[in-house]
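This report looks at how two chains meet and at the space left open in their assembly. The structure is shown first, and the description follows.

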There are 2 protein chains.
Amino acid sequence: MNILYVYAHPNPSSFNSILKQHALDLFTKLKPNVKFSNLYADNFKAIADWEDFNLGEVEINSQYFLAQQEAYKNQKLSADISMELTKIAWADHIIFQFPLWWFSTPAILKGWLDRVLVKGFAYDAGKIFNDGLLKGKTASLVVTTQSPESAYQTNGLHQATIDTFLHHIHHTLRFVGIKTLAPFVIYSAFNLDAAQKEKIVTDYLTYLESLAENYNQNTSLKNV
Amino acid sequence: MNILYVYAHPNPSSFNSILKQHALDLFTKLKPNVKFSNLYADNFKAIADWEDFNLGEVEINSQYFLAQQEAYKNQKLSADISMELTKIAWADHIIFQFPLWWFSTPAILKGWLDRVLVKGFAYDAGKIFNDGLLKGKTASLVVTTQSPESAYQTNGLHQATIDTFLHHIHHTLRFVGIKTLAPFVIYSAFNLDAAQKEKIVTDYLTYLESLAENYNQNTSLKNV
C-alpha cells in the first residue's frame, strides 16, 4: 500500500503536528510505503497562476485550466507541481490532514487542489467521477475543528453536520475518480486536555491501522 | 453606499475581467463609493502564517487565530491585512467575484478569508452570527462556473444546486455577522457566445443597480 500524506498546518507545536507525527511513526512500524507533502514546511505555492507553466506568452489569454492541460501535455508544468503529480500517480491512498478554517481547507491546501488536480492528469473531458483519471485511488480527510461536535448538528450552532462542510472537498476528490472514505474528525481541537488528546491519538492510530488492514483485504480498493 | 469589490481572477482578458470592468464603470456612473481589492493584480499573500504578525517568537507556539487576535489588539498585523480591515470597516456591502474552482473559491481568495477575517475584528467569543462584529454589512457572491446550470441540480451532474457548494462561503460571512444576499451566478462561463455574454453583462448591471437601489431604500440593510 502506497500512502501519500498531505499535511497543511502552520504550527509545528500544534496537536495537528503531534497527530501527524504519530501517523508517520505508525507507518514506520507498519511499513506501508509513504510519501509526505508537508505544505507549510515545503513553502508550497498556493496561488494558481501562469508561473505554474513554462508556456509561451500567448497562452496567458487562455483559461488557467486549459493552460494547465496544455502544460501537462507538453511537460511544461513547474517542478513543484510535477513532483506532486508523481506522488499522486504512485499513491493508492491519500490522507489530507488540516484544520478546518472557515469551513474549508486552509488556502495553502486549496492551492494544492487548484494547482495539482491538473486537467489531463486528474480528469478530462468525459473522464470524471466514476471514470475520473485517478480512479482506483482512495482518500480520507483528517480534520480538526474549533467548534465542539454539538455545533456540527442540524440543530447545533452551524445547523449542519461536518459532512455538509466537507462536501465540496469530498466532491472534488470524487470528481477526479478518487473514492472518499470516512473522515477522521477531531472536534474542539483547541480545548482538549491531556487525557482527551491521548484518547484521540489512540483512536487515530486505530483508524489508520484499520485503513491499512481494510485496504490490504479489499482488493477492490486497490489501484489498478 | 460604500462598496468593497473583492476580485479574484488571474486572467486580465477573461470574461470575469470584462464583468468586473463593467461593474466598476457602472459604479463610476452611479457614484457609490467604491474600494477595489484586485487580489491577483495586488499579488495578495494567500498563505496564513506568522509572517502576518509583528509579534514576538513566543507567539509561534499559539494557534494562528489566537496570534491573529493578539496582533490585532496590539496593532501588529501586517500592512496588507490592516489595509483590508480598513476597507471592510468602511464598506456597507462587499462583492466577491471569482471563478468557482473545485466547488469553492480560488486559493488566493480563501487566503483573504483566512487572513482578513481576524478574530477580535470580525468576530470574537460570543460575537458571531447575528452578533458578529461585522453586523450591519451585506455581501454577495458573483461566481462563474465551468459546468452548465443543468449540472447544478439535485438530479444533475453535481447532484446539488449551486447553493450547496456556496454554503461554506455564505456560512463564513454569516458567522462574522454579514448578511448574504442572492449570488449572481454565470454558468458555463467558458462556453458563452457573444450574444450570451452580452445578455449576462446586461443582467449583471441590472443586478448591481437593483442592489444599489434596494440598499438605498432599505435602511435596515445599512451599516450602523
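## The largest pocket

In this predicted model, the lining of the largest pocket is made up, by class, of 15 nonpolar residues, eight polar residues and two charged residues. The lining comprises 25 residues, and those that lie nearest the centre of the pocket are Tyr123(A) and Phe175(A) from chain A together with Gln146(B), Ser147(B) and Phe190(B) from chain B. The space in the largest pocket comes to about 540 Å³.

## The interface between the chains

Where chain B meets chain A, 46 residues of chain B are in contact with 46 residues of chain A. The two chains bury about 3900 Å² between them, and 68% of this area lies on carbon and sulfur atoms. Between chain B and chain A the count of salt bridges is zero, whereas 15 residue pairs are found in polar contact across the interface, with both residues of each pair at pLDDT 80 or more.

## The chain B side

On the side of chain B that touches chain A, the elements giving two or more residues are helix H2 (64-73), helix H4 (107-116) and helix H5 (162-175) of chain B. H5(B) gives the most to this side, with seven residues. By class, the side of chain B that touches chain A has 26 nonpolar residues, 16 polar residues and four charged residues.

Note on methods:
Residues are numbered from 1 along each chain as its sequence is written. Chains are lettered from A and ligands numbered from 1 in the order in which they are written. This is a predicted model: local features need pLDDT of at least 70, side-chain atom pairs count only at pLDDT 80 or more; totals for chains, interfaces and linings use all residues. Side-chain values use heavy atoms; hydrogens and water are left out. On a 1 Å grid over the protein atoms alone, a cavity is a set of points where a 1.4 Å probe fits but cannot get out, and a pocket is an open set with protein on both sides within 12 Å along at least five of seven lines; lining residues have an atom within 4 Å of a point. Grid points are joined across faces, edges and corners, and a volume is the space filled by probe spheres set on the points. Ala, Val, Leu, Ile, Met, Phe, Trp, Tyr, Cys and Pro count as nonpolar, Asp, Glu, Lys and Arg as charged, and the others, Gly among them, as polar. Contact means heavy atoms within 4.5 Å. Buried area is the accessible area (1.4 Å probe) that two parts lose on being put together, summed over both. A salt bridge is a side-chain nitrogen of Lys or Arg within 4 Å of a carboxyl oxygen of Asp or Glu. A polar contact is a pair of N or O atoms within 3.5 Å; within protein, one must be able to donate a hydrogen and the other to accept it, and residues adjacent in sequence count only if both atoms are side-chain atoms. Helices (H or I, at least four residues) and strands (E, at least two) are DSSP runs, numbered from the N terminus.
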